[in-house]
Amino acid sequence: MARKPMMAGNWKMNNTIAEAVVLTQEISNRYEKEWPEHVDVVVCPPYVDLKPAKTVLDFDRTKIAVGAQNVYWEPSGAFTGEISVPMLKEIGCAYCIVGHSERRELFGETNEDVNRKAKALVADGIAPIVCVGESLAVRDAGTTDEYVCAQVRAAFAGMDAADAEGAVVAYEPIWAIGTGRTATPEQAEAVCAAIRATLGDLFGSAVAEEMRVLYGGSMNPGNVAMLVAQPNIDGGLVGGASLKAESFVQLIEACL
Ligand code: PEP
């Protein structure tokens, strides 16, 4: 079966509840019945916006999923400030981003943390969107594939094929995030192919062929077509261009 593309919007720390409701409604108003056949659409707002966004989408019966941007691996307890998988599940989150480079760089998230989070999510039926990607220094050193594939192996450590099946990997070169500098389609394809080969080593080629590998890093309506045309790029994880309904819808339509 061919992989269905995914277009996921990472809103980061943007949009109050009122703003999130407006943006979700604007996206929902543009929803076309043909979308779900061709593309999985996901919005990943801040925690406080998850329930309001989900309520808008449920009310409109639009098949747009809601995802979180982070999670903690313990189900409950004395972890001030954290949010658990059961809490996300209750809201109806189908996805959760883990290991975004901003979390790794600004909040000290390690490969081991990413692995714990991914395992906790799959155990409870939420699909992780596992982010990996190299810094400019790593790219300049010529070790991008080794670095990124090591991140993939670490994120999926201790998981079997059945656990990994629904998971998504997002290749996001750090030097391309929020910088307006996009990886060329060839650069992105080369790393996404290496990621898929690593997934094949871990889980077998049949599972690796089913898993989605997204590209993220200054994706926009002008460059999306060339990126998603690559054989190993199955859509995008998008920051800036997901904050306006018009540009996000253009990205979705590029996957139809
Ligand atoms: C991201 O944060 O996941 C991202 C890809 O951001 P941007 O599209 O703004 O580069």
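A polar contact is a pair of N or O atoms within 3.5 Å; within protein, one must be able to donate a hydrogen and the other to accept it, and residues adjacent in sequence count only if both atoms are side-chain atoms. The model is predicted, so that local features need pLDDT of at least 70 and side-chain atom pairs pLDDT 80 or more, while totals for chains, interfaces and linings use all residues. Residues are numbered from 1 along each chain as its sequence is written, and side-chain values use heavy atoms, without hydrogens and water.

View 1. A backbone N or O atom of Ser-218 lies 2.7 Å from a ligand oxygen. For a polar backbone atom of Gly-239, the distance to an oxygen atom of the ligand is 2.8 Å. The side chain of His-100 places an N or O atom 2.8 Å from a ligand oxygen. The protein covers 96% of the 300 Å² of accessible area that the ligand has on its own (Shrake-Rupley method, 1.4 Å probe).

**View 2. The shell around the ligand.** Among the 14 residues around the ligand (a heavy atom within 4 Å), Lys-12, His-100, Glu-172, Gly-178 and Ser-218 come nearest. By class, this shell holds four nonpolar, eight polar and two charged residues, with Gly counted as polar and Asp, Glu, Lys and Arg as charged.

**View 3. Cysteines without a disulfide.** The whole structure has zero disulfides (cysteine sulfur atoms within 2.5 Å). Cys-44 has its nearest cysteine sulfur, in Cys-96, 7.9 Å away. Cys-44 is buried, at 0% relative accessibility (buried: under 20% relative accessible area, 1.4 Å probe, protein chains only).

Notes. Buried means under 20% relative accessible area, exposed over 50%, partly exposed in between (1.4 Å probe, protein chains only).
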